[in-house]
Amino acid sequence: MGKPKVVLGVSGGIAAYKACELLRRLTESGHEVRVVPTAASLNFVGEATWAALSGNPASTGVWESVHEVPHVRIGQSADLVVVAPATADMLAKAAHGLADDLLTNTLLTARCPVVFAPAMHTEMWEHPATRENVATLRRRGALVIEPAVGRLTGKDTGKGRLPDPEEIFEVCRGVLARGAAAPDLAGRHVVISAGGTREPLDPVRYLGNRSSGKQGYALARTAVARGARVTLVAANTALADPAGVDLVRVGTAVQLREAVLEAAKDADVVVMAAAVADFRPAAYASGKIKKKDGQEPAPVALVRNPDVLAEVSAQRAREGQVVVGFAAETDEVLANGRAKLRRKGCDLLVVNEVGESKTFGAEENEAVILSSDGAEVQIPYGPKEALAQAVWDQVAPRLAGRRA
Ligand code: CTP
């Protein structure tokens, strides 16, 4: 098998410079990349840069190398087309099937998955014309990544930023890994909690846990690559923002509950991957707790936190909402898992064994997915991304036939 063939379409936005980094990641990880810039984008990054970084010619029009029929061939032979940045104009052209340059022709001839990574000012992204174009493209099976929120060109900030190139690369990798498989979470809203809550004792101390958030982030990345709209409720994570997710940052279990319940109102799936503290200090000291000479420390009184997973499971905000829990167990892993699945009332429970060196902060994971209908799927030791894919493989059929 040869290298996977990727077409990198670049349209005319200032974020074109970030596509250089995306290109580098694609080529260095063994992809054959053909860059197809629009004429306008060459104002930001010149042809020489694309040619040098990709090792291939980079042409914009259909009148070069006409004997090779590039406007048809490049699209036909691609395994993936990714347009980054995709301007409002490019989305409009793609939605309406215009074909006035090499990139738009390529989009019409491509039969492989197509990813658009839009970048534009917030007003343009929110304009009804753009909204409709994005909806049209998504309905046809294209993956349009939600832009990130942050600083835009000029002084303004808002939604419209191109996600980080390494995160767009992750989406491309995820889409390529699925081959011709349809984005089976397209049109679905998925809510994922990740990380570990911190319950403050005083302004400088908290009760916390060792969850890194990596499993929840892997779930978010893979869900985006499978077409989902993702809300990621992240508790105290220090990881790169995945491309295309709406990120809600929280600190405590109570904050996490509020954010998850709010996002769950129109969610098709809720996955509770966060390590939520079961208890919090009964009292919060507004000043730092000081040690006192000759005195033993006062015991810390704890109170129960709400059980978010049990609550979401008991009062599903939508009919047919699929709820997934995680369980970290040290002993009697399966028996405890089965009991927990019943107690929490969720549809699926991903059970993994934890210990000092296992799972927390690690790149790999081993688990069994228990289902409320009695099924049990063993997931071999492997990357957290593989476990995430296995979770979606279990979730997607449960959504089939339900209205998005
Ligand atoms: N969870 C939650 N709210 C809590 C505690 C846990 O939503 N207050 C969720 C976690 O996100 C996870 C699942 O419940 O999906 C399992 O959490 P775990 O702490 O392992 O289970 P517990 O109910 O706390 O059971 P035990 O303390 O007996 O292990």
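The ligand in this model sits in the largest pocket. Keep in mind that the model is a predicted one.

What surrounds the ligand? There are 15 residues around it, and Met272, Ala274, Leu309, Phe326 and Lys344 come nearest. Sorted by class, the shell holds nine nonpolar residues, one polar residue and five charged residues. If you want to find the shell on the chain, go to helix H11, residues 308–314, then strand E16, residues 322–329, then helix H12, residues 333–344. Each of those three elements supplies at least two residues of the shell.

Now the polar atoms. Asp278 has a polar side-chain atom 2.8 Å from an oxygen atom of the ligand. Lys340 places a polar side-chain atom 2.8 Å from a ligand oxygen atom. For Lys344, the distance from a polar side-chain atom to an oxygen atom of the ligand is also 2.8 Å. How much of the ligand does the protein bury? Taken alone, the ligand exposes 580 Å², and the protein buries 77% of that.

Next, some backbone geometry. Most residues other than glycine have a negative phi, and most peptide bonds are trans.

Start with the peptide bond from Ala84 to Pro85, which is cis, with omega near -5 degrees. Pro85 belongs to strand E3, residues 80–86.

The next exception is Asn236, which is not a glycine but has a positive phi of about 55 degrees. You will find Asn236 in the loop between E11 and E12. Is Asn236 buried, partly exposed or exposed? Asn236 counts as partly exposed because its relative accessibility is 27%, and that class lies between the cut-offs of 20% and 50%.

Then there is Glu332, again not a glycine, with a positive phi of about 45 degrees. Glu332 is in the loop between E16 and H12. Recall that E16 and H12 each supply at least two residues of the shell around the ligand. Glu332 has a relative accessible area of 59%, so it is exposed, the cut-off being over 50%.

Pro242 is found in the loop between strand E11, residues 229–235, and strand E12, residues 245–250. Is Pro242 buried or exposed? Its relative accessibility is 4%, and therefore Pro242 counts as buried. Pro242 and Ala220 are 22 residues apart in sequence, and their C-alpha atoms are 7.2 Å apart in space.

Another buried residue is Asn133, with a relative accessible area of 9%. Asn133 lies in helix H7, residues 128–139. Which side chain does Asn133 contact? The side chains of Asn133 and His96 are joined by a polar contact of 3.2 Å.

Last, a glycine. Gly374 is placed in the loop between strand E18, residues 364–371, and strand E19, residues 376–383. Gly374 counts as exposed because its relative accessibility is 58%. From Gly374 to Met124 there are 250 residues in sequence, and the C-alpha to C-alpha distance is 49 Å.

The bond from Ala84 to Pro85 is cis, and Asn236 has a positive phi, as does Glu332.

Methods: Residues numbered from 1 in each chain as written. Predicted model: local features only at pLDDT ≥ 70, side-chain atom pairs only at ≥ 80, totals over all residues. Heavy atoms only, no water. Near = heavy atom within 4 Å. Polar contact = N/O pair within 3.5 Å; in protein donor to acceptor, adjacent residues only side chain to side chain. Areas by Shrake-Rupley, 256 points an atom, 1.4 Å probe, with all protein chains shown as cover. 1 Å grid on protein atoms, 1.4 Å probe; cavity = no way out; pocket = protein on both sides within 12 Å on 5 of 7 lines; lining within 4 Å. Sits in = over half its atoms within 2 Å of the grid points. Helix = DSSP H or I, 4+ residues; strand = E, 2+ residues; numbered from the N terminus. Nonpolar A, V, L, I, M, F, W, Y, C, P; charged D, E, K, R; others polar. Buried < 20%, exposed > 50% of the residue type's maximum accessible area, 1.4 Å probe, protein only.
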